[in-house]
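Hi everyone, thanks for coming along. Let me put a structure on the screen, and then we can walk through it together.

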Amino acid sequence: MAHDTHDIHRSRAEFEFIKRKRATEMRGQLTSFAMMIFLTLIAFTLVAADFSNYLIVPIILLLAAVQVVLQLYNFMHMSNKGHGMMAFFMFSGIFVAFTIVLTMVTIVWW
Amino acid sequence: MDLNKRYTPQTWPDHPETATLEGKNKFVGFWLLLAAETVTFASLFATYLALKDKGPSGMEFSASGLFELPLVFAMTMILLTSSLTSVYAMYHMKNHNFKAMQAWLGITVLLGLAFLGLEIYEFNHYVHLGFGYTNSAFSSAFYTLVGTHGAHVVFGLSWFIALMLRNAKRGLNMYNAPKFYLAALYWHFIDVVWVFIFTVVYLMGVIG
C-alpha cells in the first residue's frame, strides 16, 4: 500500500542519540540564519552607502546567490542524502531561468 | 495499513516525509514543481528587467524615485525570520512533537500575515501616488512580478492554515507528515524568490 512503512522500534538510548543529533543540526540551521541576516544587512548597507553602481550590482547579486544556496542546501535540506534528483530538477530550472533572463535583457526589447 | 496508525517519538521514522511510497511520490513531484516555478519567476524577472523604467514619454515614475528601502528591509527581515520558524516547525515534526510543530507553524503564519500586510500597504501607497497597474510598461511588469510573489504568499499561508486546522485533532502520522514537510518547502521557496525581488527590484531600483 502507498502508505506502508517499516516499523521502527528504537531503544531509549538510540532515541536520545538521534534527538541530540537533530539538536546539533538545528544549531547549524541557526548559523545559516545568522549568515543570511548578515548578507542581507551588507546588501542594504552597500546601497544606502551610495557606492558606485558598477561595484554594488555585482556584489549584491552575488550576496543574493549565496543566500539562495544557503536556503536550498540547509533550510530545504538539499545537502541531505537522496536529493540528487532534486538537485537535477533545480539546476535544470536555474539553467532555463538564466537563459530566459539573458535573452530578455539582450535580444528582446533591446 | 491504517493511515491513522499512532506513532510515538521512538517509533517515528527518521525521514517521515519520504518513509512511504505516497510521501516519496509527493516529494519528487513537489521539487519538480519548484523547478518549474523557478522558470515562471525567471520569465517575470526577465520581463521586469527589460521593461524597467519604460513607458509613455513624460512618465513621472521611475524605480529610483518610487521605492523606499526601510519598508522593504522590514519585509525582508520578516519573511527571512518566518523561513527560520518553519525550519523550527519541521525540527519538531521530525521529533514527533506535534504541539511544538503547530506552535511554530502558527508563528510562521503570523509573520507571513505581517509581510502580506506590509505589501498591501505598499501597493496601496503606490496606487494613491498614481502608479497604477496600467500606468506604464514598468508598472505592469512590477505589479505582475511582485504581485505573483504576493499571490504565492497568500497560497502558502492558506496551505499552512488548512493543514493546521485539518490535522489539529489528528496528531502527526504517516498521512500528514509529508504534507507538512512540503508546505514548509514551499514557504522556503517563497523566501528564495523574495531574495531576488529585494535585490533585483528594490536595491537595484533605488540605485537607478
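A word on the source. This is a predicted model, in which local features need pLDDT of at least 70 and side-chain atom pairs count only at pLDDT 80 or more, while totals for chains, interfaces and linings use all residues. Residues are numbered from 1 along each chain as its sequence is written, and chains are lettered from A and ligands numbered from 1 in the order in which they are written.

Back to B:Asn4, which sits in the segment before helix 1 of chain B. Helices here are DSSP runs (H or I, at least four residues), strands are runs of E (at least two), and both are numbered from the N terminus. B:Asn4 and B:Asn176 are 172 residues apart in sequence, yet 9.4 Å apart in space, C-alpha to C-alpha.

Now let's look at helix 6 of chain B. Its 30 residues reach 43 Å from first C-alpha to last, close to the 44 Å expected at 1.5 Å a residue; the expected span is 1.5 Å times one less than the number of residues. Helix 6 of chain B has a kink of about 25 degrees centred on B:Ile197, where the bend is the angle between axes fitted to the seven residues ending there and the seven starting there.

What about the partner, chain A? Chain A has three helices and zero strands. Its C-alpha trace spans about 65 × 35 × 15 Å along the principal axes, and buried residues make up 22% of its 110 residues.

Finally, how many residues does each chain bring to the contact? Chain B gives 51 residues and chain A gives 51 residues, where two residues are in contact if their C-beta atoms, placed from the backbone, lie within 7 Å. On the chain B side, helix 1 (21-51), helix 3 (69-94) and helix 6 (177-206) each supply at least two residues. Helix 1 of chain B gives the most, with 18 residues.

How values were computed:
Buried ≥ 20, exposed ≤ 12 C-beta atoms within 10 Å, placed from the backbone.
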